[in-house]
Amino acid sequence: MDSSCSKHMNGSTNDLLSLKALQGGSVSFGNRKKGYIMGVGRIEKSLTHSIENVYYVKGLKYSLLSVSQICDKGNKVEFVSKICTVRNLVTGEVVLVAKRYKNIYVADFESLQNGDLSCLSDVDDDVELWHRRLGHASFMLLNNSKNTSTKRCRREENRTLEDMARTMLIDSGVAKGFWAEAVNTACYLVNRCMIRSLLNKIPYELLNGRKPKLTHLRTFGCKCFVLNNGKEPLGKFDAKSDEGIFLGYSSQSKAYKVYNKRPQCVEESIQVIFDEAQHPLGKAAHDKAD
């Protein structure tokens with residue numbers, strides 16, 4: 001909780017539910033260094049609620065909640081020695097609590113009441129967005145039954161991958177030449193969301209002994225920007241990132257797979273900003289894939 005912060009800010013793209021590229025200037029830190037605003041989006045509390053208008057500031061080490069933005073949403077913020085409370089001005093209910101740790105107040109999102117924090121507003125497209133992020137998987141596929149023969153199960157699972165890959169290609173407008181990337185993405189998603197009914201667990205959980213995190217998932221084929229990151233020498237006025245198309249997840253690391261439009265090649269990078277509102281596959285990529 002920061003009373004001197006004019007906007008909600010975050011230093012990691014992994015926490016953002018969606019992100020729109022933005023050249024918004026810079027932010028001065030206490031050590032006199034600066035961080036640059038690279039985008040604006042929202043951070044999720046769940047699949048149906050999120051904190052809106054969060055700036056992604058490169059180099060920021062903490063997530064900051066702006067007191068002024070919380071107040072603008074119809075809340076009263078009160079600081080005392082050990083605790084900070086956010087109270088809804090209409091209902092009078094305490095909707096968020098931040099506990100003091102040394103000289104900072106850390107928000108406790110587990111304290112959120114059913115009457116959600118006004119700045120955690122319902123996002124109408126969350127369900128549809130997550131449906132697309134999960135490869136358009138149906139509830140029937142997510143609860144796939146194992147009460148069949150092994151051979152039949154394999155045929156059904158292969159059909160599931162084909163159906164998901166086909167739907168992702170059609171929905172995104174990505175060329176059919178990228179069918180392998182679509183199938184690999186479908187396999188990646190199935191391993192993280194298809195429940196094995198006899199064990200009531202997903203493949204990832206059976207292999208790793210824990211449930212997977214899904215906050216890093218993005219919509220296949222969406223527009224994105226990949227940081228140059230020293231791959232090529234840049235002039236003073238050259239763009240620091242290239243426009244690309246998101247093609248899935250690396251099998252070797254936590255990186256994303258991106259079709260870079262400028263050199264017209266597929267590369268892997270963790271320095272990626274996404275614009276999931278668009279599926280702007282360029283003609284050059286279509287031509288190369290075909």
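Predicted model: local features only at pLDDT ≥ 70, side-chain atom pairs only at ≥ 80, totals over all residues.
Strands here are DSSP runs of E with at least two residues, helices are runs of H or I with at least four, both numbered from the N terminus, and two strands pair if DSSP finds at least two bridges between them.

Residues are numbered from 1 along each chain as its sequence is written. Local features need pLDDT of at least 70, side-chain atom pairs count only at pLDDT 80 or more, totals for chains, interfaces and linings use all residues, and side-chain values use heavy atoms, with hydrogens and water left out.

Turning to the pockets, each is an open set of points on a 1 Å grid over the protein atoms alone, where a 1.4 Å probe fits, with protein on both sides within 12 Å along at least five of seven lines; lining residues have an atom within 4 Å of a point. Volume is the space filled by probe spheres set on the points, which are joined across faces, edges and corners. The largest pocket holds about 1,500 Å³. Its lining has 47 residues, with T13, N14, K254, Y256 and I270 closest to the centre. Helix α5 contributes the most to this lining, six residues. The second largest pocket has a volume of about 530 Å³, and β9 provides the largest share of its lining, four residues.
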